[in-house]
Amino acid sequence: MAGVQTAVALREQGFTGAVTLIGAEPHQPYDRPPLSKAVLLGKAEESAFDIDFEALGIALRLGCEVTGVRAGDHELDTAAGPVPYDALVIATGAEPVVLPGSEGVPGVHLLRTLDDAARLRPVLDARHTVVVVGAGWIGAEFATAARSAGCAVTVVEAAERPLAGALPAEVAAPMAAWYAESGADLLTGARVARIEPGGVVLTDGRTLPADAVVVGIGARPATGWLAGSGVALGPDGSVTADAALRTSLPDVYAVGDCASFPSARYGARLLVHHWDNALQGPRTAAAHIIGAAGGDGAEPPAYDPVPYFWSEQFGRFVQYAGHHGGADTLLWRGDPTGAAWSVCWLRDDALVAVLAVGRPRDLIQGRKLIETGTPLDPERAGDASVPLKSAVRQ
């Protein structure tokens with residue numbers, strides 16, 4: 001997504017030079033969200049972008065893995081030989097974290113690529129007994145798809161609640177009930193000792209039968225290939241881009257899941273592993289590349305979005321906007337045991353994040369309020385009958 005959008009944004013913003021899009025996968029560039037939904041369930045064969053790359057003058061080099069950057073020469077190293085560049089955009093995304101000891105065990109799957117989804121479709125078609133390791137976003141979405149396909153599903157989570165790394169305990173706790181409602185078993189505080197053919201052995205001695213195991217325990221920036229390149233990486237492995245999405249090397253930019261950026265809005269460096277970031281960041285990078293190549297001289301704006309993502313799980317549409325780190329107030333809007341509710345995070349009475357479950361208006365209005373930093377009346381903001389836009393302090 002990030003690489004494709006950068007190439008398209010360059011053309012949309014008037015760049016007339018050569019643009020080459022290099023990808024390690026052999027497939028036409030595709031969108032990832034449908035992989036855990038329509039593609040996985042066989043409702044769509046693929047999720048290729050509907051983009052005429054030839055008409056846009058974008059050269060595709062597919063099935064070509066880049067192994068290194070030589071900044072001094074302005075060249076990339078690939079198996080097919082060096083590739084020169086004037087400006088380089090790193091958009092290598094993230095790679096799933098592998099469960100130690102699971103490599104090479106038959107029946108163990110990840111869900112990140114089109115090939116991963118293709119390997120998992122027969123599992124769902126056969127209604128296998130499935131164990132999902134990890135109750136994060138991808139684990140919940142796969143469990144949803146597997147249950148809708150008629151599979152018996154057990155989800156194993158090492159933490160005491162789902163989404164432990166993403167949401168506070170009190171917010172994530174109500175989501176645990178969604179698993180049982182769907183007919184999936186959720187085991188929290190459960191750790192995997194090892195995976196054997198036909199089963200998952202937990203550290204407490206229990207063995208869970210499994211025709212297939214899907215591991216969804218997180219992802220990390222796919223930046224290992226940058227070792228020795230001079231591109232500065234953060235402790236989390238992300239490329240530490242600046243507010244223009246430039247890296248530490250001249251003429252090298254980074255966008256999407258592989259890059260972190262400084263947010264003046266939140267006073268923190270953010271690493272956002274979500275689709276909207278891979279859509280928005282490329283527009284900023286393209287603008288700065290064109291400016292560096294002799295644009296109109298005006299400095300393009302810094303990249304400081306209100307992060308946004310969504311997840312479809314267990315019959316619910318979950319949306320989140322903002323960043324709740326540093327918030328000093330948490331407000332509930334609605335009953336979290338019900339079908340529709342939301343949570344607002346405030347800092348000094350200004351909205352900094354909103355989570356909406358089945359309340360899309362809260363998300364839309366909340367996102368705008370986060371962008372403007374308008375102070376709210378906490379009492380009215382916590383009243384689910386009051387539209388968020390009407391909770392602005394008078």
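**Exposed loops, a buried helix and a ring pair**

Reader: Does arginine 127 count as buried or exposed?
Author: This is a predicted model with residues numbered from 1 along each chain as its sequence is written. Local features need pLDDT of at least 70, side-chain atom pairs count only at pLDDT 80 or more, totals for chains, interfaces and linings use all residues, and side-chain values use heavy atoms, leaving out hydrogens and water. Buried means under 20% relative accessible area, exposed over 50%, and partly exposed in between (1.4 Å probe, protein chains only). Since its relative accessibility is 58%, arginine 127 counts as exposed.

Reader: And how does aspartate 251 count, with a relative accessible area of 36%?
Author: Aspartate 251 sits in the loop between β17 (239-240) and β18 (252-254); helices (H or I, at least four residues) and strands (E, at least two) are DSSP runs, numbered from the N terminus. With its 36%, aspartate 251 is partly exposed.

Reader: What is the phi of aspartate 251 near?
Author: Most residues other than glycine have a negative phi. Aspartate 251 is not a glycine, yet its phi is positive, near 65°.

Reader: How many of the 11 residues of helix α1 are buried?
Author: The buried ones include Ala2, Val4 and Leu10. Helix α1 (residues 2-12) is largely enclosed by the rest of the structure, because its buried residues number 10.

Reader: What kind of pair do the rings of phenylalanine 261 and tyrosine 303 form?
Author: Rings of Phe, Tyr and Trp (its six-membered ring) pair if their centres lie within 6.5 Å; planes under 30 degrees apart count as stacked, over 60 as edge-to-face and the rest as tilted. The structure holds 8 aromatic pairs. In this one the centres are 4.9 Å apart and the planes at 65°, so the pair is edge-to-face.
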